[in-house]
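Subject: Structure for your review

Dear colleague,

Please find below the structure that I am handing over to you. My findings follow it, and I would be grateful if you read them with the structure open.

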There are 2 protein chains.
Amino acid sequence: MKIGIVGGTGDIGEGMAMRLAPLYDVIVGSRDEVKAQHSCECNISTLKDCGASCCSLAGATNQEAVSCADVVILAIPFKNVVGTLEGLDCFEDKIVISPVNPMEKRDHFVFVPPAEGSAALLIKRLLPKETRICSAFNTIAANKWKALDEELTYSVPVCGDDDEAKREVMAIVNKISKLQAFDAGPLAVSSMVEALTPLLLNIARYNKMRDVGIQFR
Amino acid sequence: MKIGIVGGTGDIGEGMAMRLAPLYDVIVGSRDEVKAQHSCECNISTLKDCGASCCSLAGATNQEAVSCADVVILAIPFKNVVGTLEGLDCFEDKIVISPVNPMEKRDHFVFVPPAEGSAALLIKRLLPKETRICSAFNTIAANKWKALDEELTYSVPVCGDDDEAKREVMAIVNKISKLQAFDAGPLAVSSMVEALTPLLLNIARYNKMRDVGIQFR
């Protein structure tokens, strides 16, 4: 299976690429293909230093990361969603994963959803109707993705309207470190998942913690 | 410290009363004082069966549960908040804890906040401006409150605008079983906390689990 990461050279994208590369063929997308290739070289070097025996990472444009992939992860900030998706096509037969959280930092972190109710529902409106969209990975901090010497012992709620796509996404989640996927229901539930991230950032801030995640139990 | 539970004979209120009675003087409030007294007799009997050496539980009207208490817990469903609070007074010098979650069961569980943004902010508007309101205990299932043979190993986000009141509420949380309080920031963050409960109910439903709770980590 080929996984393309749009925004794959960003903080979260880079960490995701390193966690996924030993498991899948990963295409790291960027607006700047050279930057993507350089990021992959650095990531491969880091993975080798950590003892990874084989990994598959290739740098490309964001469009190639979409076109070549079976599953596309949109590792981009909410403010870039509309602009980025307007410039990309060939999503029709893809599963698209949104880890996007619409939020702002004011006195505290605030959930600021778009009119659709959530980033995932906005993405659904922007992409072709055949595209199967799931939200996943919303609550895992960039630092944790990158800390390859640490197991990821978090719960990951996954939302989506297509059961087969959701099962595939949950299978991907469950292969990464010790992440545990939970079916959170239809894509409409993504608003509640996306609201968790500003809550976790507030918990971190007010309790002097770092990179707070969750477990359901 | 005296803790009054408005709605103390409901599912969650009864469990809270049993967990709190060995630690504090608890006044169980109900619209029906006789029902409250009967509930306390049953709870005391249950607590003795579980080996509790001493506990303080008294049945009363909801108004007495407010008037006699230092801290008032509103253990009522969201749909009863306005009607219940309209019939009660003497909240001026109290700390009020809202575990209330505005939600509906449709195809899935949906977070349906009032115009104020959250149940806690609605309660703030309804009560005197001197009342110090915190949200807490939002995500703990009634069955878990009542399962006295089980430790409660959950994280409890606490929101509030008065730092001293929030510290007192967090101290109460931390005395109950193995609950761990986390400062989640000002009362405005309560919308994100209240949205967690329908998410947890969806997680339970779609993964065939029961009484799902959370831990921050």
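Which residues touch the most other members of the largest nonpolar core? In this predicted model, they are Val158(A) and Val158(B), in a core of 154 residues. As general background, nonpolar side chains tend to be buried together in soluble globular proteins. Leaving aside neighbours within four places in sequence, Val158(A) is in contact with several residues, among them Cys134(A), Val169(A), Met170(A), Val173(A) and Phe182(A).

I turn next to the sheet of chain A. Eight strands make up an open sheet with mixed pairing, and their order is E3-E2-E1-E4-E5-E8-E9-E10. Strand E3 (56-61) and strand E10 (180-185) of chain A each have a single partner strand, so one side of each lacks a neighbour in the sheet. On average, neighbouring strands of this sheet are turned by 25° against each other, direction ignored. Within the sheet, strand E1 (residues 2-6) and strand E4 (residues 71-74) of chain A run parallel and are joined by 4 bridges. Opposite Val6(A) stands Leu74(A) in E4(A). Helix H7 (residues 163-175) of chain A packs on the sheet, where it touches E4, E5, E8, E9 and E10 of chain A. The direction of this helix makes about 165° with that of E9(A).

The two chains also meet each other. In chain A, 26 residues are in contact with 26 residues of chain B. The elements of chain A that give two or more residues to this side are E10, helix H8 (190-206) and strand E11 (214-216). Of these, H8(A) gives the most, with 10 residues. The residues on this side of chain A comprise 18 nonpolar, 6 polar and 2 charged. Strand E11(A) and strand E11 (residues 214-216) of chain B run antiparallel, with 3 bridges between them. There, Gln215(A) has Gln215(B) as its bridge partner.

Finally, two residues deserve a look for their backbone angles. Most residues other than glycine have a negative phi. Lys208(A), however, is not a glycine and has a positive phi of about 50°. Lys208(A) lies in the loop between H8 and E11 of chain A. It is exposed, because 7 other C-beta atoms lie within 10 Å, and the cut-off for exposed is 12 or fewer. Ser177(B) likewise has a positive phi, near 45°. This serine is in the loop between helix H7 (163-175) and strand E10 (180-185) of chain B. With 17 C-beta neighbours inside 10 Å, Ser177(B) counts as partly exposed.

Yours sincerely

Technical notes
Residues are numbered from 1 along each chain as its sequence is written. Chains are lettered from A and ligands numbered from 1 in the order in which they are written. This is a predicted model: local features need pLDDT of at least 70, side-chain atom pairs count only at pLDDT 80 or more; totals for chains, interfaces and linings use all residues. Two strands pair if DSSP finds at least two bridges between them. Axes are lines fitted to C-alpha atoms, for helices over the stretch in contact, and angles run from 0 to 180 degrees between N-to-C directions. Two residues are in contact if their C-beta atoms, placed from the backbone, lie within 7 Å. Ala, Val, Leu, Ile, Met, Phe, Trp, Tyr, Cys and Pro count as nonpolar, Asp, Glu, Lys and Arg as charged, and the others, Gly among them, as polar. A nonpolar core is a set of buried Ala, Val, Leu, Ile, Met, Phe, Trp, Tyr and Cys residues joined through C-beta atoms within 7 Å. A residue is buried if 20 or more other C-beta atoms lie within 10 Å of its own, exposed if 12 or fewer, and partly exposed in between; C-beta atoms are placed from the backbone.
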